[in-house]
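Subject: Structure handover

Hello,

Here is the structure you asked for, with the sequence. My notes follow below it.

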Amino acid sequence: MNLDDTIVATCSPPGNGSRGIVRVSGWRAIEIGDGLFRGTSGERLVETATNRRLGGVVRLGRFEVPAAVYLFRRPRSYTREDVIEFHLLGAPVLLGWLVESCLAAGARRAEPGEFTARAYLAGAFDWSQVHAIAGLIAARSDNQLRAAERLLHGALGDTARAARAELDELVSLVEAALDFAEEPIDFIAPDELRQRLAGVQRRLEAAVAAGLRADRWTELPRVVLTGRPNVGKSSLFNRLIAAERAIASPWPGTTRDVLSATVDLPGLECLLFDVAGEAEPRTELESLAQQSARRAAEQADLVLEVRDVADYAVCPAVAATTPRLVVLNKADLLSGEAVVRLAGQVREMEGVPVVAVSALDGSGCEELRAELARRLNARDAAVQEGAVALMAEHCTALEQAISALKAAMTVAGESGGPLSSAELVAAELRAAARALGMLVGEQQTEEMLSRIFSRFCIGK
């Protein structure tokens, strides 16, 4: 990564859109933009001293395309360099031409995450906030988005810095005991040291407990449709994904393979699976289909047990640890009162949520979508008001710090009167402080930088 270069990339989502954005950052950004943009009133970017929006046209070969340019003078920009953003019609061909024009004028293509990398190296963010931006990009639900936002606003960094300050003070007291070992001075008693370390440990453990594992956000929650043959699983699958993906027929055993598709729910997405019906296998092929169905159910975040209201029967049990929701299908075959009565009986007998639907006419499916979203959003006990997005690196650093604190308290607990083995206690405290330093980027390496910024897309 050469910070002396001026970089360019499309930073709007791929595909067609009403607006596309091309971002340029670096010491030649304004010069390059000035050569391509003409303001409506003849304004020139190089003559504009303040951050502002200018309307006009961008010259792309023999074409002039209406556009707006947002000018951000350093250091009041995202990267803390001169930045311009071209906003124009979001046609991929036009955006590609504009990027090529910037390259011809002396810019180079940005690497993944390079805009944020430049912001970090300029001191705009600490290390945990860089992870937060990656989390914001990867978030697939409202809860994930809010957790990443808290990380961006410095929640984890504040916790780490406060803990570091406490440990620095304790290290100074412990090391003072080493320097004046021959003097009858008690800088800190073992009991007080353990109490203060226990307080730091509780705060770090609370951060872990309230954390959402952001490195797992690319994995959509898995919802599996189970039930006896011919209860309408495949029809319900097609209804929920709004496409005819699964073959639905009155003949049992139609579904053999595990089918999957993405479903949009209120506030998040999930991966929906249709599997073979639960029945006694008659052939080797049906046995293999049953095994695949059981594996899918065991790996699910939520199981939908589909049952036929007109031929009601409980389907075989899935993994006890997997949350489940009973779906009474073919509700159009019974009166409304009968369906309500049956749903109430199931809730009372089994203690599980129940939704009645008709895959044939779609009734109840919106209620099912809403219940799915509610259940999936509630599946992480850590999704609280104070939840913070945690990457794998954050969890590792917090666990290392907590382990070192426990070791320090163990050594301090072996002291009867004045603190003995102070050098061992100090070593553990310094180890804990180093681990916390990783959270705010005090110990970052080239490998760490490459790993985190490789998670970003081009243009971020």
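Helices and strands here are DSSP runs, helices of at least four residues and strands of at least two, numbered from the N terminus. The model is a predicted one.

The sheet. An open sheet is built from six strands, in the order β10-β11-β9-β12-β13-β14, with mixed pairing. The edges are taken by β10 (259-265) and β14 (354-356); each has a single partner strand, so one side of each has no neighbour in the sheet. On average, neighbouring strands are turned by 25° against each other, direction ignored. β10 and β11 (residues 268-274) run antiparallel and are joined by seven bridges. L265 has L268, in β11, as its bridge partner.

The helix on the sheet. Helix α10 (residues 336-350) packs on this sheet and touches β12 (302-308), β13 (324-329) and β14. The direction of α10 makes about 155° with that of β13.

- N230 sits in the loop between β9 (222-226) and α8 (233-241). Its relative accessible area is 31%, so N230 counts as partly exposed, the range for that being between 20% and 50%.
- The loop between β13 and α10 holds K330, which is partly exposed with a relative accessible area of 23%.
- P75 belongs to the loop between β5 (63-72) and β6 (83-90).

Regards

Terms used
Residues are numbered from 1 along each chain as its sequence is written. This is a predicted model: local features need pLDDT of at least 70, side-chain atom pairs count only at pLDDT 80 or more; totals for chains, interfaces and linings use all residues. Side-chain values use heavy atoms; hydrogens and water are left out. Two strands pair if DSSP finds at least two bridges between them. Axes are lines fitted to C-alpha atoms, for helices over the stretch in contact, and angles run from 0 to 180 degrees between N-to-C directions. Contact means heavy atoms within 4.5 Å. Buried means under 20% relative accessible area, exposed over 50%, partly exposed in between (1.4 Å probe, protein chains only).
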